[in-house]
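Keep the sequence and the 3D view open while reading.

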Amino acid sequence: MAKKHILIGVTGGIAAYKACDLVSRLSKKEYEIKVIMTEHATKFVRPLTFETLSHNPCESDLFKEDLCDPIYHINLAKWADLFVIVPCSANVLAKVVHGIADDLLSTTFLACTCQKMICPAMNVNMYENEVTQHNIQLARQYGYTIVEPVVGHLACNDTGKGKLASVDEIEKEIDAYFKKDEPLKGKHVLISAGPTQEAIDPVRFISNHSSGKQGYAIAKAAKELGADVTVVAGPVNLVDLEGVETIHVTSAMDMFEAMKANLDKANYIIMAAAVADYRPEIIADQKIKKDGNDMVVHLVKNPDILAYIGSHKKDNQIICGFAMETENLDTNAREKLEKKNCDMLIANNLFTEGAGFKTDTNVVTLLKKNETIHLPKLTKEELGYKILETLQELENYASRN
Ligand code: CTP
C-alpha cells in the first residue's frame with residue numbers, strides 16, 4: 001500500500017513556523033508530504049525549509065515558468081488524500097469558503113476532491129469577527145474539518161482565541177482521519193520471521209539463509225492496516241518495528257514456546273520463519289575440539305510449529321504458512337497446505353529470479369484450499385499487503401459460511 005499523501009497549505013501568519021514542526025513530524029511517519037504556500041507565507045518561512053523537511057518541492061506561484069508540470073495545481077489536487085491548511089489566515093479562510101481561486105493554494109483547494117482540514121490562526125478580534133465566524137460555519141457545512149484555535153497569548157500581544165491549535169493536536173487529527181482506513185483494527189496478527197539457530201556447542205550452530213525481511217514486511221503492513229502485531233523473530237539483522245511487539249528467539253524450540261504463548265490472542269497467524277527441521281540432540285557445554293578427519297552430529301527432529309498451530313486452530317483463526325521449494329512447487333506446497341491445516345500457503349522457488357531470502361522482492365504462488373494464484377514479482381512490502389488482504393477475504397468468507 002502506498003503512503004498516504006498529505007498536501008499542506010501554509011498561509012501568511014506567524015504560526016507558519018509551527019507548520020515546519022508539523023511537516024517534519026508527518027514526514028517521519030507513513031505519509032508523503034507536499035507543501036504549497038501563499039506568497040505572504042513565504043515572507044515568514046522560506047520554501048527551502050519545507051522542501052528540506054518534506055523531501056519534495058514547495059511551490060507558491062501558480063504561473064511559475066519553470067514548473068515541471070504545466071497543470072501542477074490539478075495534478076497536485078488529484079495526488080492528495082488530505083489537504084490541510086495550517087495555519088489558515090482569515091483571508092484564505094474567506095477565500096476558500098467562497099470559491100475564490102486566485103493563487104496556487106486556493107486554486108488547488110478548489111480543485112481538490114479529498115477531505116480538507118482547516119487550522120485557523122489569527123488575531124482574536126479577527127477570529128471573533130462575525131464574518132470569520134460565518135466563514136467557519138460555511139467551512140463546516142462544506143464538510144471541512146476545523147481544528148479550532150485555542151485561547152492564549154497571541155503574537156500581537158492580545159490574549160484570546162486565535163492561537164493555532166498545538167502541533168500535537170493537529171497531528172492527532174490527521175492520524176485519526178487516516179485511522180478510519182484501518183481494516184484490521186481490533187485484529188491481532190502473530191507472525192514468525194527469520195531463521196532459527198540450533199546450537200552444536202557454545203560457538204557453533206546450524207541455521208539457514210532466511211533474512212526475516214518478508215516476515216517484517218508483513219508485520220509492517222499489518223501495523224499500517226491497524227492491527228495489533230506480534231513478531232516472533234529468530235536471529236535477524238533488522239531493526240524492531242515501531243509499535244510492533246517483537247519477541248526475539250534463537251532456536252526452533254524457543255520459537256515454538258513463544259508462538260504457543262501468543263496463540264490464543266491471535267486472529268491471523270503467519271509462519272514466515274524458516275524453522276530448522278532438526279537440532280543437535282546434544283549441545284556440548286564446551287567448544288568441541290577437532291579430533292580426527294570426520295565428525296558426526298546426531299540430529300533430532302524439531303516440532304513442526306505450523307502443524308501444531310494448524311491442529312489447534314480455533315474458529316476465529318486464519319492460518320498462513322510459507323513453503324520454500326526448489327522443485328515441484330505447486331504439488332509440494334499444496335501437500336503442505338493440507339497436511340498442516342493452513343487456510344493459505346505462500347510458496348516460492350528459491351531459484352526464481354527476484355525470489356528468495358536476501359532480496360527485497362518476492363515471486364510467489366498463493367495457494368488457498370480451492371485456488372492457486374501465481375503472483376508477479378512484488379516487493380516484500382507489497383506482498384505483505386496482498387497476503388493480509390487475502391487472509392481478510394478468507395476470514396470474511398469463513399464468517400459468512
Ligand atoms: N515450519 C514450522 N516448523 C518446522 C518447519 C517448518 O512451523 N519445524 C513451517 C514454516 O515456517 C513454513 C512451513 O512450515 O511456514 C513450511 O516450511 P518448509 O520448510 O517449506 O517445509 P517443511 O514442512 O519443513 O518441509 P520440507 O523441509 O521437507 O520441505
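This is a predicted model: local features need pLDDT of at least 70, side-chain atom pairs count only at pLDDT 80 or more; totals for chains, interfaces and linings use all residues.

Two of the strand pairs can be traced in detail. β14 (residues 268-271) and β17 (residues 318-325) run parallel and are joined by 4 bridges. Y268 has I318 as its bridge partner in β17. β17 and β18 also run parallel, with 6 bridges between them. Here M324 has N348 as its bridge partner in β18.

## Inside strand β18

Is β18 enclosed or open? It is largely enclosed by the rest of the structure, because 6 of its 6 residues are buried. In a regular strand, side chains alternate between the two faces of the sheet. In β18, M344, I346 and N348 point one way. L345, A347 and N349 point the other way. Both sets are buried.

## The nonpolar cores

The largest nonpolar core has 33 residues. Which residues have the most contacts inside it? They are I270, I387, L388 and L391. Strands and helices both contribute: β9, α10 (213-224), β12, β14, β17, β18 (344-349), β20 (364-368) and α14 (380-400) each supply at least two residues. α14 gives the most, with 6 residues.

L391 shows some of these links. Beyond its neighbours within four places in sequence, L391 is in contact with Y268, I270, I318, C320 and M344.

A second core is separate and has 31 residues. Its members include A16, Y31, M37 and M117.

## The ligand site

There are 14 residues around the ligand. A273, L306, F322, K336 and K340 come nearest.

For F322, a polar backbone atom is 2.8 Å from an oxygen atom of the ligand. K340 uses its side chain, with a polar atom 2.5 Å from a ligand oxygen atom.

## N267, a buried loop residue

N267 lies in the loop between α11 and β14. Is N267 buried or exposed? N267 counts as buried because its relative accessibility is 12%, and the cut-off for buried is under 20%.

A polar atom of the N267 side chain lies 2.8 Å from the backbone nitrogen of H188. Setting aside neighbours within four places in sequence, N267 is in contact with G186, K187, H188, N316, Q317 and I318.

## E128, an exposed helix residue

E128 lies in helix α7 (residues 124-128). E128 is exposed because its relative accessible area is 51%, and exposed means over 50%. Not counting residues up to four places away in sequence, E128 touches Q133 and K161.

E182 is 54 residues from E128 along the chain. The C-alpha atoms of the two are separated by 37 Å.

Methods
Residues are numbered from 1 along each chain as its sequence is written. Side-chain values use heavy atoms; hydrogens and water are left out. Two strands pair if DSSP finds at least two bridges between them. Buried means under 20% relative accessible area, exposed over 50%, partly exposed in between (1.4 Å probe, protein chains only). Contact means heavy atoms within 4.5 Å. A nonpolar core is a set of buried Ala, Val, Leu, Ile, Met, Phe, Trp, Tyr and Cys residues joined through side-chain atoms within 4.5 Å. A polar contact is a pair of N or O atoms within 3.5 Å; within protein, one must be able to donate a hydrogen and the other to accept it, and residues adjacent in sequence count only if both atoms are side-chain atoms. A residue is near a molecule or strand if one of its heavy atoms lies within 4 Å of it.
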